[in-house]
Each structure stands twice: as C-alpha cells, then as structure tokens.
Amino acid sequence: MPDNAAPRLSRASASTRPPAPVRAVHLGLGAFHRAHQAVYTMSDSDWGIAAYTFRNTTLPRTLTEQDGLYTLQVRGDGKPRAEIVDAISRAHPGGDTDRWLADLASPDVALLTLTITEPGYRTGGHGSAIDRVVAGLRGRHRAGGDPIALVPCDNLPGNGGVLRDALAAATREEDAAFRAWLEEHVSFVDTVVDRITPAATDEDAATAARLTGFADHAPVVTEPFSEWLLAGRFPLGRPAWENAGARFVDDLAAFQQRKLWFLNGAHTLLAYTGPALGCTTVDEAMQHPTLMALTESWWDTAARHATLPEEDLRDYRQRLLQRFASPGIRHHLLHIAVNGSQKIPARILPVLRAERSAGRLPEPAVAVLAGWLIHLRDREVADPRADELVALARSGNGARQVVATVDSELAEDGALISAVDDYVEHLRSAG
Ligand SMILES: NC(=O)c1ccc[n+]([C@@H]2O[C@H](COP(=O)([O-])OP(=O)(O)OC[C@H]3O[C@@H](n4cnc5c(N)ncnc54)[C@H](O)[C@@H]3O)[C@@H](O)[C@H]2O)c1
Ligand SMILES: O=P(O)(O)OC[C@@H](O)[C@@H](O)[C@H](O)[C@H](O)CO
C-alpha cells in the first residue's frame, strides 16, 4: 500500500507544471501507455493527453485525484529510479461519452493513440473499442472534418493496417461522405512499441513513496529499455517524440517481425511452458536450464527466417537475455498467457510454417502449442475464444482441434500434431 504518512501526489505537492493543453487522446489507459507513449509525450511540453480507459473506472478516478500524475519506477539491475510523469492532463472512464466525443471532435486534437489489447481490434459490436472510435470519428467528420492520425500501439503485425481494416468493416453501412472522409483524412500510423511493463503491486506503491516522498495510488513499474518506431503521416502535427528517442522510418516490417518473433514469441513460449515446469515469472524462467535452452532454440529457429542482418539479431538477442533475466522486473507468465489465440498466430506460426515447409519440426514451436494445450486444460483462460478453446482442448482430439482454430493446414499435419501430443506428456512428466 502507498505510504499514508506521505503527502498525496498532485501537481501542487510535486510542484509540477500545470496540465498541458490536450492535443492527443488515448484509448486504453493502462500500465503500458503510462510507461511508454505518455513518457515520450512528456518530452514535448506543448502536448497534453486526455486518456480514456475502456472499462476500468478506478484508474481514471485515482489519476484525477492526483491531477493526472503518477510515479514511473524504472528498474534494471541497479538501484531503481523514479520519475513523476505529467503528460496526462485529464483521465476519464470510457463511459464519459460526451467528453470522448468532444475531445475527438476538437480541431485542437491531432492524434489518437490506442492500447486496446490484441482482441480489441478483432471484436466489434456495440460498446467495443472500435465502436467508440467510429463514434468519435463520426463526430469529428460532422464537426468540420479536420484530419487526424490514429496510432495503434498494440503488439500486432501491421497494426496501422489492422486498425484501418477494423474501421472499414465497422463503417461499411455508414454514409458515403463519412467513408470517403475516413479514407482521405484519417491517417493510420504503423508502430513497433517496446517496453516491458508488468502490472504494479502494492509493494511497488510503497517503493514509489519511499523513492519520491509522495503517496501514489497508481504507480507504474517498467524497465530502462524503451523503443518506439513509427511509420505514417501526422496531418495536424505531433509531439516531438524524437526528443525521447522515438524513430520515424519508412518501413517497419523487419522491425515488427524482430519484435514479435524474438521478444513476444519468446514471452509466449515461456508463458505456456514456464508454468508447466513450475515457474511463475520471466526472470525465474531464465534461471531454468530447460526453459533457457528452449528460448535459445526458439531464437535460432526464428533467425533462420528473419529479415534483419544476423549481427543485428545477435545484438537484439543478447539484450533480450539481459532484459528477461533482470531481477528488477517481476513479469508474471500467466499475465502474458492471456489471449493466446490472438498472439500465437503473429508470434509463432509464421516461423513454424516456414520450418514445416523446409521439412523441419522445431521443438520450441511444438513446446508452445503443447504448453498452450495444457494451459487451456488446466487454467482459468482469458481469451476472446475461451469457451470454444477450452471445450476443444478438453475433448478427445484436443491438439488437432485447438491447432485448427489458429491454422487449418497445420492441423492436418500429422507429424506436428503427434509431436504436440507427445510434448504434452513430456511437459507433464518434467513438471
Ligand atoms: N505491458 C507491456 O509490457 C506492453 C508492451 C508493449 C505493448 N503492450 C500493449 O499494450 C496493451 C495493454 O497493456 P497494459 O500493460 O497497459 O495492460 P493493462 O491491463 O494495464 O491495461 C489494458 C488496457 O486495455 C483495455 N482493454 C482490455 N481489453 C480491451 C478490449 N477488449 N477492448 C478495448 N480495450 C481493452 C483496458 O481497459 C485497459 O485500459 C497490451 O495488450 C499490448 O498490446 C503492452
Ligand atoms: O502485452 P501483450 O499481452 O501483448 O503481451 C505480453 C508481453 O509479451 C508484452 O507485454 C511484452 O512485455 C511487451 O511487448 C514488451 O514490449
């Protein structure tokens, strides 16, 4: 718990600047936005953020009590360092619809960033994140139609295009003038985002108070490493994110592949095999010889199909080993294990398909699928397809049926499916 004897964090107690004018809106206010995009935005004092959650009402209330401020604890191998982040000018629950519509209609607002998780782009319908974005853009069109940049910051390949497609599908029935405006005046920016940011604990709040002298009820813990690569247009301008190290490039594909296969792919591997072998966090898994060997083997396998030069991949792997093993970051494997049906296709299957085409059956990819099966059989599952997946995993022909939900061709690959079944037994006996 935060230290109640310490004064509550606020702009007055911390003597920070007044809130900057709102020129950016965010949807999906969680830990990651606050460790990443908000920190980059803080480097340009002309830009303030109006941040909206999707369902959570507690976090915006807490942040409002703290004038939008929170403590960012950066933890690596040495002593933790803490900074007060002041980029969020206003925080709102998603239910604050009038404010959301007014912000998105405002000509002062130049961009909308999103961290709505992987399923957020797939699940449409009333009340969904996509539905809210469409409502906001419809209002903007009616209010004069100033252009806007949409900047998705979730771990999806081609996330700008994924958002564009989701909005196109959701507006198919809308009037032609609105659809034409969407095509001409809404820019979809592709991004690669990277900063490992686990959920903060009560103990982290106590540490934040010790480091800053302020009681913070919404602290964030993150690692020293941070990366943001972007490709796309900002028709009404943007914060000088490059002040904080963001890089603007023409083509992100190779970087996206590196991030999703090497970092997120290894996370997914550990998230499904680690708990089966008795590990709870990523740093703990890095101490386990079997998991370490599987991770290295996954990286060797992915490197055979990656676009970036070998030297670049070697450096990236070296850095990942340090980041994953860092004792400062307690990243829970079961948090990473959520939404497997949305993550495995981007992180694991492209490499597995390429390997099968070359006649190989890579152990780490088999291990991911086997671990996923065990997860679906034994754990409480958070996934937009949870009901279907859990029923299939627990049925007679589980491996084939679960693999079929993510790739129908791989599900017909007899050698792969029997290797997955055998690996389930192997993990169970090893655990
Ligand atoms: N935490 C990280 O290390 C990290 C790093 C890179 C990218 N990301 C991306 O950011 C996302 C959020 O991570 P976080 O650490 O902030 O998590 P979090 O749990 O702190 O916050 C998640 C946010 O997403 C919203 N959300 C959840 N399900 C949704 C849905 N179906 N539709 C719309 N919004 C939804 C929640 O309301 C909340 O605002 C991840 O899913 C990932 O795509 C996270
Ligand atoms: O955040 P998710 O759920 O997409 O995936 C879990 C982790 O792999 C991810 O959060 C990483 O920590 C992050 O992508 C690091 O930049």
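The exercises below each consist of a task and a stepwise solution.

This is a predicted model, in which local features need pLDDT of at least 70 and side-chain atom pairs count only at pLDDT 80 or more, while totals for chains, interfaces and linings use all residues. Residues are numbered from 1 along each chain as its sequence is written, and chains are lettered from A and ligands numbered from 1 in the order in which they are written.

**Exercise 1. Helices α9 and α12**

Task: Determine how α9 and α12 pack.

Solution. 
Step 1. Helix α9 covers residues 253-273 and helix α12 residues 310-325; helices (H or I, at least four residues) are DSSP runs, numbered from the N terminus.
Step 2. The two helices pack at an angle of about 30°, and their axes are 11 Å apart. Axes are lines fitted to C-alpha atoms, for helices over the stretch in contact, and angles run from 0 to 180 degrees between N-to-C directions.
Step 3. That angle makes α9 roughly parallel to α12, since angles under 35 degrees count as roughly parallel, over 145 as roughly antiparallel, 65 to 115 as roughly perpendicular and the rest as oblique.
Step 4. Arg 258, Phe 262, Leu 263 and Ala 266 of α9 meet Leu 313, Tyr 316, Arg 317 and Leu 320 of α12. By class, this contact of α9 with α12 has six nonpolar, no polar and two charged residues.

**Exercise 2. Helices α17 and α18**

Task: Classify the orientation of α17 and α18 and name the residues that meet.

Solution. 
Step 1. Helix α17 (residues 386-393) packs on helix α18 (residues 398-406) at about 155°, with axes 8 Å apart.
Step 2. The pair is therefore roughly antiparallel.
Step 3. From α17, Glu 388, Leu 389, Leu 392 and Ala 393 meet Gly 398, Gln 401, Val 402 and Thr 405 from α18. The contact of α17 with α18 comprises four nonpolar, three polar and one charged residue.

**Exercise 3. Ligand surroundings**

Task: Describe the shells around ligand 1 and ligand 2.

Solution. 
Step 1. Ligand 1 has 24 residues around it, of which Gly 30, Phe 32, Phe 54, Gly 120 and Asp 154 come nearest; a residue is near a molecule if its C-beta atom, placed from the backbone, lies within 6 Å of it.
Step 2. This shell holds nine nonpolar, 11 polar and four charged residues. Helix α1 (residues 31-35) supplies its largest share, three residues.
Step 3. Among the residues around ligand 2 are Glu 118, Asp 194, Arg 195, Leu 263 and His 267.
Step 4. The shell of ligand 2 divides into three nonpolar, three polar and three charged residues, and its largest share, three residues, comes from α9.
Step 5. Domain 1 (22-248) and domain 2 (253-430) each provide at least three residues to the shell around ligand 2.

Definitions and conventions. Nonpolar A, V, L, I, M, F, W, Y, C, P; charged D, E, K, R; others polar. Contact = placed C-beta atoms within 7 Å. Domains from an automatic or database assignment.
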